[in-house]
Amino acid sequence: MNAQSPLKERALAALSAAMPTDLLLTDAEALERYSRDWSGDHYGRPLAVARPRSTEELSYFMACCHELGMHVVPQGGLTGLVGAAVASFPEGEVVVSLERMNKVRSVNPIDFAMVVEAGCILEDAKRHAEAADCILPITFGAQGSCRIGGNVSTNAGGFNVLRYGMTRDLVLGLEVVLADGRIWNGLRTLRKDNRGYDLKQLFIGAEGTLGIVAAAALKVFPKPEQVETALVGLESVEAAMQLYARARRQCSDLLTAFELILRGGIEIAINAREDLNDPLSQSYPVYVLIEASAAGRVDLKALLEGFFADASDLVLDGVIASSKAQGERLWLLREMMVEAQGRGGRYLRTDVSVSISSIAAFVSETLAALADKYPEAIAVTYGHVGDGNIHLNIVPPEDMPAEEYDSLFHATEEVIFDVVDRHGGSISAEHGIGKIKQAAFLKRADPLTLELARRIKDAFDPEHLLSEGRILASAQGKAGG
Ligand SMILES: Cc1cc2nc3c(=O)[nH]c(=O)nc-3n(C[C@H](O)[C@H](O)[C@H](O)COP(=O)(O)OP(=O)(O)OC[C@H]3O[C@@H](n4cnc5c(N)ncnc54)[C@H](O)[C@@H]3O)c2cc1C
């Protein structure tokens, strides 16, 4: 529980009095659900939780908080995992959960656009798009929990970035409630609009530090009529990257996923579930899960079979799913690997990126450096090749005492980030900076970037009431209750 100053207590009482019934939760038991993230690693008890049902209610709530000097943090599905969406400001924060602003306002199959409220769960938004014979292509393991506002605020990627781009590439417009409660209306479905600064871009990936996304207009695409999934075994990451380069050219740009998984990841998945077997006749050092999809008169299966026939110099073994169910079984390996890593307890997650042409060198250099310095650490390596985004996670050995985890995680993360730096990569390609990547981010950011970022923060949130201390360090003196 946060130690509340008498000033904060009075502000909270005033906030409660100003809110309509049912908008603000203050009961300790009710607050618990909003205090811990998806991984369980990050905990922060909010002073209260606001649950607006509309942009107007959200605006009213923010105006009251602004008036009272209350610190606020927006919360989606809590799957961001960098400690950004749970309360953490030392003097206490009010969480605003978007969970009741969850409507799909429209799907327009001629504009190929949909308008969705920020609290809509990604999977629900995808289902609505499908009902209009379209797809919303943002796809990843947490889609049953994460929400559209969270996806926008972390610029989420996923399996289909290769073909459709990241969330930033899909956002046509936004409706945003600012720190002082005013509503910025940029909710348009225009494809082209060159009227000066494109302000919506600033809110994408801003992790809630500049405004609260209330709704988003997103691009959708024709729903593919054919989807083919294959899993292949290869000798090395280098071979996988050669296969990727060929697949981009030879599969008529119909690739929708190209997921790299090193053998350790496959073992984690098959050991986690009795009904999952080794997918190929023997084990291979490296696997690639490939998906291609198409609408219209394309014989996708023949295209993929022809591609693999020509790639026999690289592919050692493989399977093309003969049914939708078999395709789903192949994807299950990928999903189980992610889920099962955490079953033994805590582990280090990284979500780094390097340019696609550097992936093979990055993986081999990092694994060699880890094996040299920390041979006891178990490295689990997989990634979305199409966006150069690699997860190199560290699972502690079974016999390691839990109190030694933090120093192992810290030391191995340094090793991984050093290699990222050598390749001019990014230490955070997925989850953002939040609180836990802040020190590593600030250490690497150039002074001009930081100066401009601080000025943007000051322009949007001069009192520093919104998601204070995320991405940028807390502005001492300004951030107080
Ligand atoms: C199993 C798993 C797989 C994942 N795979 C991928 C992947 O493949 N690619 C990828 O890019 N990411 C991936 N992620 C991370 C992904 O970015 C986030 O899961 C997701 O986009 C966050 O959405 P959320 O609703 O859970 O947001 P939260 O975790 O609740 O919040 C994330 C951040 O956004 C802010 N925020 C939330 N809602 C709003 C709003 N309405 N307005 C302003 N700010 C807001 C929060 O304050 C916080 O800073 C994965 C996560 C998990 C757990």
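**View 1. Helices H10 and H12 are roughly perpendicular to each other (a class for angles of 65 to 115 degrees).** In this predicted model, local features need pLDDT of at least 70 and side-chain atom pairs count only at pLDDT 80 or more, while totals for chains, interfaces and linings use all residues. Residues are numbered from 1 along each chain as its sequence is written, and side-chain values use heavy atoms, without hydrogens and water. The axes of H10 (residues 263–272) and H12 (residues 324–341) come within 8 Å and cross at roughly 85°; axes are lines fitted to C-alpha atoms over the stretch in contact, with angles from 0 to 180 degrees between N-to-C directions. Helices (H or I, at least four residues) and strands (E, at least two) are DSSP runs numbered from the N terminus.

**View 2. Residues of H10 meet residues of H12.** Gly265, Ile268, Ala269, Ile270 and Ala272 in H10 are in contact (heavy atoms within 4.5 Å) with Leu333, Met336, Met337, Ala340 and Gln341 in H12.

**View 3. Helix H11 (residues 300–310) has four buried residues, Leu300, Leu304, Phe307 and Phe308.** Buried means under 20% relative accessible area, exposed over 50%, and partly exposed in between (1.4 Å probe, protein chains only). Ala309 and Asp310 are exposed on the other side of H11. The buried residues of H11 pack against strand E12 (226–234), helix H9 (237–250), strand E14 (286–294) and strand E15 (315–320).

**View 4. Threonine 79 lies in the loop between strands E3 (72–75) and E4 (94–97).** Threonine 79 counts as buried because its relative accessibility is 13%. Leaving aside neighbours within four places in sequence, threonine 79 is in contact with Trp38, Ala142, Ser145, Cys146 and His431.

How values were computed:
Parallel < 35°, antiparallel > 145°, perpendicular 65-115°, else oblique.
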